[in-house]
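Hello,

Here is the structure I promised to pass on.

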Amino acid sequence: SGEVPEDPVVSKKSGLLYEKRLIERHIADYGKCPVTGEALTMEDIVPIKTGKNVKPRSLTAASIPGMLGMFQNEWDALMLSNFALEQQLHTARQELSHALYQHDAACRVIARLKKERDEARSLLTQAERQAPLPASAVTAVSNGKRAFEEEDMGPGAKRMRHGVSDSIIAELTECNAALSQQRKKRQIPPTLAPIDALERYTQLSSHPLHKTNKPGITSIDINPSKDIVATGGIDSNAVLFGRTSGEILSTLSGHSKKVTSVKFVAHNDVFLSGSADKTVRIWQGSEDGNYNCRHILKDHTAEVQAVTVHATNNYFVTASLDATWCFYDLSSGLCLTQVEDPTNSMGYTSAAFHPDGLILGTGTIGSTVRIWDVKSRGNVANFDGHTGAVTAISFSENGYFLATAAHDGVKLWDLRKLKNFRSFELYDQDTPTNSVDFDHSGSYLAMAGSDIRVYQVGSVKAEWNCIKTLPDLSGTGRATCVKFGPDARYLAVGSMDRNLRVFGLPEEDASTES
């Protein structure tokens with residue numbers, strides 16, 4: 001065994017010393033001496049008496065190096081045990097932290113849901129108080145409550161609309177005349193970013209505004225007076241972001257599906273959002289910076305794809321995949337008229353007001369751009385030539401250029417002659433152009449697809465030169481929306497990730513430029 005025997009025995013034949021339990025086992029198995037090989041039985045084994053008072057030391061404890069090695073082994077075992085305990089403590093702390101985080105998140109979600117429930121209840125109560133009830137629609141029941149008797153309207157019936165009154169038409173005409181007169185005297189503002197500044201634009205910042213589990217920004221709008229950027233996301237939220245402060249000012253929740261269009265109203269601190277849940281929401285800002293949902297509009301029967309505000313800031317239009325567009329009064333949230341297009345069965349994908357307000361442009365899934373007279377609600381012109389759905393529409397501030405984006409690129413239209421005078425085939429056939437936007441001065445045109453390109457606005461005959469191409473830094477290969485900031489001092493870009501990106505001049509270049 002290599003150790004001092006605890007119960008020693010000796011062989012009569014060979015005189016060799018053995019451990020009793022080991023030699024007994026060997027004789028039982030083989031019947032011979034393990035050293036000499038001679039035949040051996042238990043009768044040949046004689047036990048030896050030893051003192052039990054002092055147990056012989058092991059070989060490792062018989063010398064100083066052996067004892068040092070033994071101490072080292074015991075120390076190593078102690079350190080390994082301590083390390084294992086520390087690992088277990090760290091794991092327990094992580095699990096406790098995660099559980100506390102989940103508990104806190106659950107409490108926040110519950111609080112938000114309770115707040116939304118209370119707001120919905122208050123809005124419902126307010127709507128029930130304000131809604132007039134015709135006598136024929138209310139009957140008394142035994143418990144004293146009111147019950148509504150809805151008439152059977154049939155499958156082809158339409159909702160009653162107030163219509164666009166003569167006073168509204170007069171207001172639109174007066175606004176058109178004033179803006180047209182101003183446009184004749186319009187000059188490019190001296191604060192507009194020059195071409196050489198745009199050539200040096202680079203990404204200034206990137207801000208994660210939307211949820212990580214449902215990334216994607218579908219729409220952007222900017223409030224130039226307050227320098228606030230609004231984004232609509234696939235996560236069904238609209239986010240208001242202060243570009244100067246670099247902080248999220250408000251997150252507007254309420255839609256049940258992706259937000260497809262967002263628009264600021266220049267006055268009264270009002271914000272509009274359209275969604276794939278078939279509704280449009282009117283949000284009213286408050287003194288504390290929060291926005292409350294004032295109206296929920298449910299006049300469409302399919303996804304709302306576009307929201308555009310009239311120049312009076314008193315009316316707005318929504319366009320939907322149900323092949324109708326609705327003209328709303330902003331203050332009351334009433335749909336004054338809903339215009340159907342019998343020749344368009346696939347619905348609208350984009351819409352925009354002309355700067356003067358009497359012309360409305362709509363893009364369809366069927367690649368046609370339709371021009372409408374707002375006063376008569378009549379289709380006065382159609383532009384064909386695109387391939388695929390018309391994803392975006394933008395009127396120039398000069399009043400006679402229209403830019404439209406679709407799967408095959410961007411086309412420019414002359415509204416005076418109602419014809420296409422220039423086309424940009426920007427990308428390959430598998431990459432659509434998702435957005436197009438004139439700056440407020442009408443000097444630059446931005447396009448977004450697999451990258452972002454800025455063109456200098458020319459004329460019908462003069463060239464439109466590309467002065468800057470900005471890469472899509474999201475890594476998704478899809479820039480979905482682009483918007484010029486005030487005086488084209490920056491570009492706000494949304495992509496299929498959750499980040500809002502701002503492109504402009506670096507601070508040192510901007511200070512030199514100013």
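**Salt bridges and what surrounds them**

The side chains of Arg-501 and Asp-497 form a salt bridge with an N to O distance of 2.9 Å; the term stands for a side-chain nitrogen of Lys or Arg within 4 Å of a carboxyl oxygen of Asp or Glu. Arg-501 is buried at 7% relative accessibility, and Asp-497 is buried at 12%. Here buried means under 20% relative accessible area, exposed over 50%, and partly exposed in between (1.4 Å probe, protein chains only).

Before going on, a word on the source: this is a predicted model, in which local features need pLDDT of at least 70 and side-chain atom pairs count only at pLDDT 80 or more, while totals for chains, interfaces and linings use all residues. Residues are numbered from 1 along each chain as its sequence is written, and side-chain values use heavy atoms, with hydrogens and water left out.

By the rule above, there are 12 salt bridges. Another of them joins Lys-483 and Asp-221 (3.8 Å, N to O). Lys-483 sits in strand β31 (residues 479–484) and Asp-221 in strand β7 (residues 217–223), so this pair ties together parts 262 residues apart in sequence. Helices (H or I, at least four residues) and strands (E, at least two) are DSSP runs, numbered from the N terminus. Lys-483 is buried at 19%, as is Asp-221 at 6%. Asp-221, Asp-437 and Lys-483 are linked in a network of salt bridges.

Strands β27 and β28 (residues 444–448) run antiparallel and are joined by 4 bridges; two strands pair if DSSP finds at least two bridges between them. The open sheet has 4 strands in the order β27-β28-β29-β30, with antiparallel pairing. Its edge strands, β27 (435–438) and β30 (466–471), each pair on one side only.

**The protein overall**

There are 5 helices and 33 strands, and buried residues make up 42% of the 514 residues. Among contacts (heavy atoms within 4.5 Å) between residues at least 6 apart in sequence, 47% join residues at least 24 apart.

Lys-226 pairs with Asp-269, the closest N and O atoms being 3.6 Å apart. Lys-226 is in the loop between β7 and β8 (228–233), and Asp-269 in the loop between β11 (259–265) and β12 (270–275), 43 residues apart. Lys-226 is partly exposed at 47%, and Asp-269 is partly exposed at 24%.

Best wishes
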